[in-house]
Amino acid sequence: MAVWEQVLTDLVNTRGAALKRYAYLLCGNDSDAEDLVQDALVRAFTRPRRDEIDNPEQYIRKAVLNLYLDRVRRRGVWRRVMPFAVAPDRTEDDSRAVDARHDLRAALLSLSPQQRACVVLYYHVDLPVPEIAAQLGCGAGTVKRHLHDGRRRLAGLLHDDTREDDSAVR
């Protein structure tokens, strides 16, 4: 077995589920998450320089992020070209009966792709702002702005009406 085959096997066996969870947080769909991870693995390990990958998990995470952002861009172009052929991604549901996980998923899906990527990289992957900026190819200020806007939007969408207001308690 070649070295890259062993690296691929070990990566999928030990970190495959974590990679899929990461992709799921980005795209919000189980089958799309599987496709993102699969595509990233195929792209990484079918290239001639596959033996030169220093940190395979980080490399695959970066590939998943890039594939996700590329798909969002392509989907946007397609919607501008064929607006009547594509159905909307989501429908509004004001049901109070959904649990917190579904609320969080819906809130994450409402963020822009850049905001969602920043929030996932910051809170799920636990990367500092400079590393997020490096991965996304933008400035630290841009990342901070996406995090601020994303947190504000999430706070508004995930507001718990059953909690007392902090100002009323003081």
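A salt bridge is counted here when a side-chain nitrogen of Lys or Arg lies within 4 Å of a carboxyl oxygen of Asp or Glu. Side chains of opposite charge can pair when their charged atoms come close.

The structure above is a predicted model, in which local features need pLDDT of at least 70 and side-chain atom pairs count only at pLDDT 80 or more, while totals for chains, interfaces and linings use all residues. Residues are numbered from 1 along each chain as its sequence is written, and side-chain values use heavy atoms, with hydrogens and water left out.

**Salt bridges**

By this rule the count comes to seven salt bridges.

| Salt bridge | Closest N and O atoms |
|---|---|
| E34 with K20 | 3.0 Å |
| E57 with R61 | 3.1 Å |
| D149 with R145 | 3.3 Å |

Let us start with E34 and K20. Helices are DSSP runs of H or I with at least four residues, numbered from the N terminus. E34 sits in helix α2 (residues 30-45) and K20 in helix α1 (residues 3-27), so their pairing ties together parts that are 14 residues apart in sequence. For accessibility, buried means under 20% relative accessible area, exposed means over 50%, and partly exposed is in between, using a 1.4 Å probe and protein chains only. E34 is partly exposed at 40%, and K20 is partly exposed too, at 25%.

Next come E57 and R61, which both belong to helix α3 (residues 56-81) and are four residues apart, about one turn of the helix. Both of these residues are buried. They also join R15 in a network of salt bridges.

In helix α7, D149 and R145 are likewise four residues apart, or about one helical turn. D149 is partly exposed, with a relative accessible area of 22%.

**Where α6 meets α7**

Helix α7 (residues 140-157) also packs with helix α6 (residues 129-136), at an angle of about 105 degrees and with the axes 8 Å apart. The axes are lines fitted to C-alpha atoms over the stretch in contact, and angles run from 0 to 180 degrees between N-to-C directions. That makes α6 roughly perpendicular to α7, a label for angles of 65 to 115 degrees.

Which residues in α6 meet α7? They are V129, I132 and A133, and their partners in α7 are A140, V143, K144 and L147. Contact here means heavy atoms within 4.5 Å.

Notes
Helices (H or I, at least four residues) and strands (E, at least two) are DSSP runs, numbered from the N terminus. Angles under 35 degrees count as roughly parallel, over 145 as roughly antiparallel, 65 to 115 as roughly perpendicular and the rest as oblique.
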